[in-house]
Amino acid sequence: MKTVQPAKISRVLPDSIAAEIGFEPGDAIVSINNTRPRDLIDYRFLCSDEYLEIEVLDTKGITHQIEIEKDYDDDLGLEFETALFDGLIQCNNHCPFCFIDQQPPGKRESLYLKDDDYRLSFLYGSYLTLTNLTEKERRICSIRRHSFSVKLVKVR
Ligand code: SF4
């Protein structure tokens, strides 16, 4: 299993709840209501609670406990360096025509990543083969898809 890293904040939106509390870029969220978010989907799901206890690691390495009461649909106003706090799930296919394998050497690192992460497909519509999911991830994927559908219905 991949290690979940604290979710590093890249931007605090002005006039947001997070700005009012004093969050700063470089701070990192360790847990929300005692759960470590693995990715942006977890973060959004956990933040839909009305009462949040957030463990934050600041840029000096000091841990803070923050309590927030809000409406369930209030956004905290945080953006993160990455949507995946436990790393990218890569493709494990071996297509003979793989366009990644055909990249010439010496290009930027991201061009060699075989992105096949269902979370990026949920969030951004990335192409996905679904051939690399374990049985456990299939169940999680199904549950999360269901909760995402419910959220979309609410927006409409
Ligand atoms: S990255 Fe695409 S082309 Fe390459 S092995 Fe995976 S599925 Fe096949």
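Around the ligand sit Cys91, Asn93, His94, Cys95, Cys98, Phe99, Ile100, Lys114 and Thr129, where a residue counts as near a molecule if its C-beta atom, placed from the backbone, lies within 6 Å of it. This is a predicted model, in which local features need pLDDT of at least 70 and side-chain atom pairs count only at pLDDT 80 or more, while totals for chains, interfaces and linings use all residues. Residues are numbered from 1 along each chain as its sequence is written.

**The ligand shell**

- By residue type, the shell around the ligand holds five nonpolar residues, three polar and one charged.
- In this count Ala, Val, Leu, Ile, Met, Phe, Trp, Tyr, Cys and Pro are nonpolar, Asp, Glu, Lys and Arg are charged, and the others, Gly among them, are polar.

**Overall fold**

- The protein has four helices and five strands, taken as DSSP runs numbered from the N terminus (helices are H or I with at least four residues, strands are E with at least two).
- Along the sequence these elements follow the pattern β-α-β-α-β-β-β-α-α.
- Of the protein's 156 residues, 15% count as buried; a residue is buried if 20 or more other C-beta atoms lie within 10 Å of its own, exposed if 12 or fewer, and partly exposed in between, with C-beta atoms placed from the backbone.
- Taking contacts between residues at least 6 apart in sequence, 58% join residues at least 24 apart; two residues are in contact if their C-beta atoms, placed from the backbone, lie within 7 Å.

**The sheet**

- The five strands make an open, antiparallel sheet in the order S4-S3-S2-S1-S5, and two strands pair if DSSP finds at least two bridges between them.
- Strands S4 and S5 (78–80) are at the edges with a single partner strand each, so one side of each has no neighbour in the sheet.
- On average, neighbouring strands of this sheet are turned by 45° against each other, direction ignored; the axes are lines fitted to C-alpha atoms, for helices over the stretch in contact, and angles run from 0 to 180 degrees between N-to-C directions.
- S4 has seven residues, and the number buried is zero, so this strand lies largely in the open.
- Seven bridges join S3 and S4 in the antiparallel sense.
- Across that pairing, Leu57 stands opposite Thr63, Val56 stands opposite His64, and Glu53 has Glu67 as its bridge partner.
- S2 and S3 also run antiparallel, joined by four bridges, and here Ala28 stands opposite Leu57.

**The nonpolar core**

- The largest nonpolar core has 16 residues, of which Val12, Ala18, Phe23, Ile29 and Leu78 touch the most other members; such a core is a set of buried Ala, Val, Leu, Ile, Met, Phe, Trp, Tyr and Cys residues joined through C-beta atoms within 7 Å.
- Strand S1 (7–12), strand S2 (28–32), helix H2 (40–46) and S3 each give two or more residues to this core.
- S1 provides the largest share of the core, three residues.
- Leaving aside residues up to four places away in sequence, Leu78 touches Ile9, Val12, Ala18 and Phe23.
- As general background, nonpolar side chains tend to be buried together in soluble globular proteins.

**Loops and turns**

- S3 and S4 form a hairpin with five residues between them, and Gly61 in the turn has a positive phi of about 85°.
- Gly61 lies in the loop between strand S3 (51–57) and strand S4 (63–69) and is exposed, because 7 other C-beta atoms lie within 10 Å.
- Gly61 and Asp27 are 34 residues apart along the chain, and their C-alpha atoms are separated by 8.9 Å.
- Gly22 belongs to the loop between helix H1 (17–21) and S2 and counts as exposed, with 12 C-beta neighbours inside 10 Å.
- The C-alpha atoms of Gly22 and Val12 are separated by 9.1 Å, the two residues being ten apart along the chain.
- Most residues other than glycine have a negative phi.
- Asn33, in the loop between S2 and H2, has a positive phi near 45° and counts as exposed with 12 C-beta neighbours inside 10 Å.
- Asn34 lies in the loop between S2 and H2, with a positive phi near 65°, and is exposed, with 8 other C-beta atoms within 10 Å.
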